[in-house]
Amino acid sequence: MNIDILLGLQWGDEGKGKIVDAISPEYDIIARFQGGPNAGHSLEFNNVKHVLHLIPSGIFHPEKLNIIGNGVVIDPAVFRKEIENLGPPVDELARRLVISARANLILPGHRILDAAYECSKGVSKIGSTLKGIGPAYTDKAARNGLRAGEILRKDFRDLYDQHLKRHLAVLKNYDHTFDLGEFEAGWFEGIELMKRFRIVNTEYLINSLLSKGRKLLAEGAQGTMLDVDFGSYPFVTSSNTISAGACTGLGVPPGRIGGVFGIFKAYCTRVGSGPFPTELKDPTGDLLREKGHEFGATTGRPRRCGWLDLPALKYAIMINGVTRLLMTKSDVLSGFDTIRICVSYLADGKECTEIPFDNAPVEPVYKEMPGWKEDISGIRNYDDLPDNLKKYINFIEDQAGLPVTMVSVGPDREETIFRK
Ligand code: GDP
Ligand code: IMO
Ligand code: MG
């Protein structure tokens with residue numbers, strides 16, 4: 001059992017990037033298994049902040065192997081920008097990073113289709129990041145995809161043209177204007193850059209390393225409530241963000257999975273449309289956004305903010321088989337007189353704790369807990385945290401039936417409290 005999975009239990013942006021970077025020293029391999037450039041994973045060390053979209057968050061640890069798994073959809077244009085802005089030279093990064101030959105590519109047509117579909121939805125827009133995720137996974141499932149391994153084929157340009165023709169035919173049905181050239185230039189440059197990296201059957205590489213006793217950390221993207229099956233469909237992303245996604249997205253058997261680390265914010269945020277029972281459309285919500293710098297790492301959009309939602313958290317724990325909880329952004333809650341925590345919902349006047357499959361409206365039922373005033377960002381020992389924060393954590397642990405083994409008190413790698 002030498003795989004641990006770290007994944008989001010809410011609507012994304014729980015702080016996965018920061019924590020993956022912080023715990024990478026315990027692993028040999030860090031692998032992304034789903035999603036694509038819709039993800040924005042931030043991490044900070046030495047006073048520099050980095051935002052990663054496609055590249056696993058272990059990339060800044062020179063001795064670690066980072067893998068973009070088969071379940072990821074790759075936009076070569078985004079890949080190029082990311083590699084060029086990372087810092088280390090390309091040859092060095094090519095030593096640290098391997099790409100699955102089976103990973104599907106996001107084509108310029110997917111980006112354009114994403115925008116065309118979203119515009120046509122009118123008021124029921126998903127609030128997609130418009131990175132081409134939905135159309136790329138649609139083509140994958142429809143057996144129309146173009147995959148990373150194919151960029152090495154001599155007839156790659158012909159293959160690309162066939163896909164483009166198909167996408168343009170679909171786009172004829174939409175009243176949508178676009179500049180294909182704008183998307184294509186960076187895309188083909190990205191393809192050339194990808195050729196400098198190892199593009200292999202990563203499932204063989206991963207399983208052979210696991211057999212030699214190497215440890216792998218699977219890095220989730222998005223969050224459980226955005227899962228295509230278990231999230232608030234249709235206001236979801238197009239991949240399985242849950243722990244099961246790590247098996248299909250890397251080609252590893254379930255028996256290899258050890259820990260499932262569920263990461264959650266001490267409150268909740270959501271970007272894009274869809275239900276959010278504890279959303280605060282008031283000055284308290286604005287204060288959470290301001291204190292937590294809650295603006296999207298990929299699109300810059302303001303994140304919707306609200307109190308912690310325990311029914312949603314328990315649902316996510318159940319679906320993922322979470323073995324331990326990690327709580328981030330605890331520092332953002334400092335300064336509130338009272339903190340609220342949603343313990344159940346009211347649906348049609350009746351108390352319930354299930355997440356409705358049809359996004360039926362529910363009213364949150366809150367428990368109130370006293371807040372704390374101290375700035376906790378400098379604290380490194382759990383025992384030194386304010387009593388009221390420890391009571392908040394104890395309540396979550398009691399409700400969830402799991403320990404909170406790590407508390408994050410700031411965006412930096414060092415601002416992390418590991419509980420013994
Ligand atoms: P991810 O998508 O799950 O990796 O999360 P994002 O990077 O999109 O969003 C999390 C944001 O919170 C980033 O700006 C992080 O730098 C920041 N962050 C992470 N953990 C903490 C924390 O404990 N406290 C504070 N104040 N910020 C944090
Ligand atoms: P990380 O990995 C937060 C949201 C979008 C939209 C919906 C569908 O940084 O946590 P898509 O682009 O997939 O078609 O968008 O999902 N979304 C995210 N929200 N964090 C993310 O990733 C997200 N990736 C997608 O805002 O509502
Ligand atoms: Mg993010």
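Predicted model: local features only at pLDDT ≥ 70, side-chain atom pairs only at ≥ 80, totals over all residues.
I number residues from 1 along each chain as its sequence is written, letter chains from A and number ligands from 1 in the order in which they are written. Local features need pLDDT of at least 70, side-chain atom pairs count only at pLDDT 80 or more, totals for chains, interfaces and linings use all residues, and side-chain values use heavy atoms, with hydrogens and water left out.

**Ligand 2.** I looked up the shell first. It holds 20 residues, and Lys 16, His 41, Thr 129, Gln 222 and Thr 237 come nearest; a residue is near if one of its heavy atoms lies within 4 Å. By class I count 7 nonpolar, 10 polar and 3 charged residues. Here Ala, Val, Leu, Ile, Met, Phe, Trp, Tyr, Cys and Pro are nonpolar, Asp, Glu, Lys and Arg charged, and the others, Gly among them, polar.

Next I checked polar contacts (N or O atom pairs within 3.5 Å). The side chain of His 41 puts an N or O atom 2.7 Å from a ligand 2 oxygen. On its own ligand 2 has 550 Å² of accessible area, and the protein covers 97% of it (Shrake-Rupley method, 1.4 Å probe).

**Ligand 1.** I repeated the search here. The backbone contacts to ligand 1 oxygens include Lys 16 at 2.7 Å, Gly 15 at 2.8 Å and Glu 14 at 3.1 Å. Ligand 1 alone exposes 580 Å², of which the protein buries 95%.

**Cysteines.** I searched for disulfides (cysteine sulfur pairs within 2.5 Å). The count is 0. For Cys 268, the nearest cysteine sulfur belongs to Cys 342, 8.6 Å away. Is Cys 268 buried or exposed? Cys 268 counts as buried because its relative accessibility is 1%. Cys 247 is also buried, at 16%. My cut-offs: buried is under 20% relative accessible area, exposed over 50%, partly exposed in between (1.4 Å probe, protein chains only).

Technical notes:
Polar contact = N/O pair within 3.5 Å; in protein donor to acceptor, adjacent residues only side chain to side chain.
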